[in-house]
Amino acid sequence: MNNSIIAIMDKEHKRLLDLLLNIENDLNDIDNLKRSINNFKWNLEKHFFVEEKVIFKIYSNSIAEEIIDLNILIKEHRDIFWLLKKIENSIPKVKIEDLENMKNDLLHHTDFEIKVFYPRLEEELEDEEKALIKDRLDEFVG
């Protein structure tokens with residue numbers, strides 16, 4: 001099994017998308033809808049916390065020349081949370097368009113991370129730094 005940062009985060013991104021699909025599947029059952037939204041929110045919060053407080057911090061402290069603007073990624077996190085708040089506030093009449101927008105935003109964000117950001121980490125970070133990230137990922141998403 002590949003336990004690179006890319007593989008771990010790709011699996012995590014797919015899990016988040018599955019949780020988002022659960023929301024769509026529960027649109028006709030308000031109790032399940034609330035549970036699905038809360039579950040997705042909790043997992044998204046953990047995911048973004050690990051990225052911002054561990055991965056982004058190690059990246060900014062370790063890479064001599066930051067090519068990737070972390071402020072853009074953090075803004076995308078905030079935009080995704082804003083859309084989630086909009087979805088939460090629309091219960092019980094969650095709009096399918098909002099869920100589609102959320103899915104598109106997540107796919108765009110995760111695609112960049114998997115194709116650009118995480119490969120850069122794998123190339124540039126020292127083994128010790130990669131091990132620290134993997135340890136933290138195991139604590140939160142493992």
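Biologist: Which helix does F140 lie in?
Modeller: F140 lies in helix α5. Helices here are DSSP runs of H or I with at least four residues, numbered from the N terminus. This is a predicted model: local features need pLDDT of at least 70, side-chain atom pairs count only at pLDDT 80 or more, and totals for chains, interfaces and linings use all residues. Residues are numbered from 1 along each chain as its sequence is written, and side-chain values use heavy atoms, with hydrogens and water left out.

Biologist: How exposed is F140?
Modeller: F140 is partly exposed, at a relative accessible area of 28%. Buried means under 20%, exposed over 50%, partly exposed in between, with a 1.4 Å probe and protein chains only.

Biologist: What does F140 touch?
Modeller: K46, F49 and V50, leaving out residues up to four places away in sequence. Contact means heavy atoms within 4.5 Å. F140 and V50 are 90 residues apart along the chain, yet their C-alpha atoms are separated by 7.3 Å.

Biologist: What span should α5 have at 1.5 Å a residue?
Modeller: The 14 residues of α5, 127-140, should span 20 Å, and the end C-alpha atoms are 20 Å apart, which agrees. The expected span is 1.5 Å times one less than the number of residues.

Biologist: Which residues of α5 are buried?
Modeller: K130, I133 and L137. They cover an arc of only 60 degrees around the axis, so they sit on the same side of α5. The arc is taken from the directions from the helix axis to the C-beta atoms. An α-helix has 3.6 residues a turn, so residues three or four places apart point the same way.

Biologist: And what is exposed on the other side of α5?
Modeller: E128, D138 and E139.

Biologist: What do the buried residues of α5 pack against?
Modeller: They pack against α1 (5-25), α2 (30-62) and α4 (96-124).

Biologist: Take α1 and α5. At what angle do they cross?
Modeller: Roughly 25 degrees, and their axes come within 10 Å. That makes α1 roughly parallel to α5. Axes are lines fitted to C-alpha atoms, for helices over the stretch in contact, and angles run from 0 to 180 degrees between N-to-C directions. Under 35 degrees counts as roughly parallel, over 145 as roughly antiparallel, 65 to 115 as roughly perpendicular, and the rest as oblique.

Biologist: Which residues make that contact between α1 and α5?
Modeller: I5, I8 and M9 of α1 meet K130, I133, K134 and L137 of α5.

Biologist: Switching topic. How do α3 and α4 pack?
Modeller: Helix α3 (residues 70-89) and α4 pack at about 160 degrees, with axes 10 Å apart. They are therefore roughly antiparallel to each other. Among the contact residues are L73, I80 and L84 of α3, and L99, M102 and F112 of α4.

Biologist: Which residues of α3 are buried?
Modeller: L70, L73, E76, H77, I80, L83, L84, I87 and E88. Their arc is only 145 degrees around the axis, which puts them on the same side of α3. What covers them includes α2 and α4. On the other side, N71, K75, W82 and N89 are exposed.

Biologist: Last one. Is the I91 to P92 peptide bond cis or trans?
Modeller: The bond is cis, with omega near 10 degrees. P92 is found in the loop between α3 and α4. Most peptide bonds are trans.

Methods. Helices (H or I, at least four residues) and strands (E, at least two) are DSSP runs, numbered from the N terminus.
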